[in-house]
Amino acid sequence: MAARPTWKGYLKISLVNIPIKVFPATDTGATISFNQLHAECQTRIQQKRWCPHCEREVPNTDIVKGYEFEKGRYVVVGDEDIEKVRVESTRVINLERFTDANAIDAIYLERPYYLAPDGPVAKDAFAVIREGMKGKAGIGKVALYGREYLVKVEPRERGLIMYTLRHANEIRSMNAIDELADVPEAVKPDEVKLARQVIGTFEGDLDFQAYRDEYQEGLREIIDAKISGREIVAPEVEAPPKVVNLMDALRKSLDTISAKKPLRAPPGARLSPRKRRRA
C-alpha cells in the first residue's frame with residue numbers, strides 16, 4: 001500500500017519555496033496491538049464519553065474543547081478559534097539555520113518523517129536543495145497534530161528526512177538521577193584496557209536488517225498457536241550471573257570469544273594441512 005502524506009505545505013529556504021508532502025517514516029502497523037475484552041464473554045469493551053453532571057452518555061457532536069484556567073472553570077475553544085492561529089509553520093517549514101548533520105545530540109530527536117516534492121514542478125528544485133544540503137541539517141518549525149514542533153531536516157537517499165525535536169526544557173538533566181551521584185569517575189586502567197579488548201572483539205559493520213523483534217515474533221507465535229488450538233511451552237530463561245570479580249568476568253569473556261572464533265592466519269602466512277582443516 002502506498003504511503004499517505006500526513007501534511008502538505010512548503011519547504012522554505014530564504015526566498016525559495018518548494019511544495020512538499022510529509023510522510024511518516026515509521027510503520028506503527030508492524031507492532032502487535034491488543035483490544036480490551038470482557039473476560040466473562042470476550043466482548044470488546046466500549047469507551048463511552050460520560051457526563052457525570054447530566055448522568056448520560058454524550059455523542060461526539062456535543063463534545064467541545066475546553067481549557068481549565070481555574071480549578072473547575074473552563075474556556076471553550078472551537079475549531080474556528082484554532083483556525084485563527086495562523087502561524088507560518090501551519091503551512092511552511094522555514095529552515096532558518098543550518099548546522100553540521102551530526103551536530104545535534106540524539107537525545108533531542110523524537111519522530112522521523114520523509115519529505116517528498118508535491119507535484120512534478122517541485123521535483124527539480126527539491127533535488128537541487130537536497131544536494132545543496134549534503135552534510136548539513138536545517139532547523140525550522142512545523143505545526144503537526146495540534147502543536148508546533150522544532151524540526152531538523154537533512155538529506156537522505158533520494159529525499160529529505162525530517163525529525164521532530166524535543167525542546168531544551170523537555171530534556172531531564174542526568175543530575176536528577178540519584179543513582180548516578182556516587183558512580184566513580186576514576187577507574188582502574190588495567191580493567192579499562194581489558195574491557196576495551198572485550199568490546200573490540202564485537203566491533204563490525206552494523207546491519208539493522210539482521211536484527212529482529214523477537215518479542216513480537218514470540219507474541220505472534222503464541223497468537224497463532226491459540227487460534228489453531230496448539231499449546232506452547234515457554235522456554236526457561238536463566239537469570240544472568242552476578243559479577244563478583246570484574247577482571248575474572250572480563251578474562252572469561254575473552255577466553256569464551258577466543259574459543260568460538262575460527263583460527264585465522266595473518267596476511268601472507270600459509271597454514272599447514274592440519275591447521276587448514278581446523279580453520
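My entries below go through a few residues, the nonpolar cores and the cysteines.

**Ground rules.** I am working from a predicted model, where local features need pLDDT of at least 70, side-chain atom pairs count only at pLDDT 80 or more, and totals for chains, interfaces and linings use all residues. I number residues from 1 along each chain as its sequence is written, and side-chain values use heavy atoms, with hydrogens and water left out.

**Entry 1: Thr90.** I found Thr90 in the loop between helix 1 (79-83) and strand 7 (92-94); helices (H or I, at least four residues) and strands (E, at least two) are DSSP runs numbered from the N terminus. Setting aside neighbours within four places in sequence, I see Thr90 in contact with Trp7, Val85 and Ala143, contact being heavy atoms within 4.5 Å. I also noted 8.2 Å between the C-alpha atoms of Thr90 and Glu148, 58 residues apart along the chain.

**Entry 2: Lys152.** Next I went to strand 11 (residues 147-156), where Lys152 sits. Lys152 is buried, at 5% relative accessible area. What does its side chain meet? I found a polar contact with the side chain of Glu154 at 3.1 Å; the term means a pair of N or O atoms within 3.5 Å, and within protein one must be able to donate a hydrogen and the other to accept it, while residues adjacent in sequence count only if both atoms are side-chain atoms. A polar atom of the Lys152 side chain also lies 3.1 Å from the backbone oxygen of Ala101.

**Entry 3: the cores.** The largest nonpolar core has 21 residues, and Val153 and Met162 are among those that touch the most other members. A nonpolar core here is a set of buried Ala, Val, Leu, Ile, Met, Phe, Trp, Tyr and Cys residues joined through side-chain atoms within 4.5 Å. A second, separate core of six residues includes Leu194, Val198, Met247 and Leu254.

**Entry 4: cysteines.** How many disulfides are there? I count zero, taking a disulfide as a pair of cysteine sulfur atoms within 2.5 Å. For Cys51, the nearest cysteine sulfur is that of Cys54, 3.8 Å away. Cys54 is partly exposed, at 40% relative accessibility.

Methods. Buried means under 20% relative accessible area, exposed over 50%, partly exposed in between (1.4 Å probe, protein chains only).
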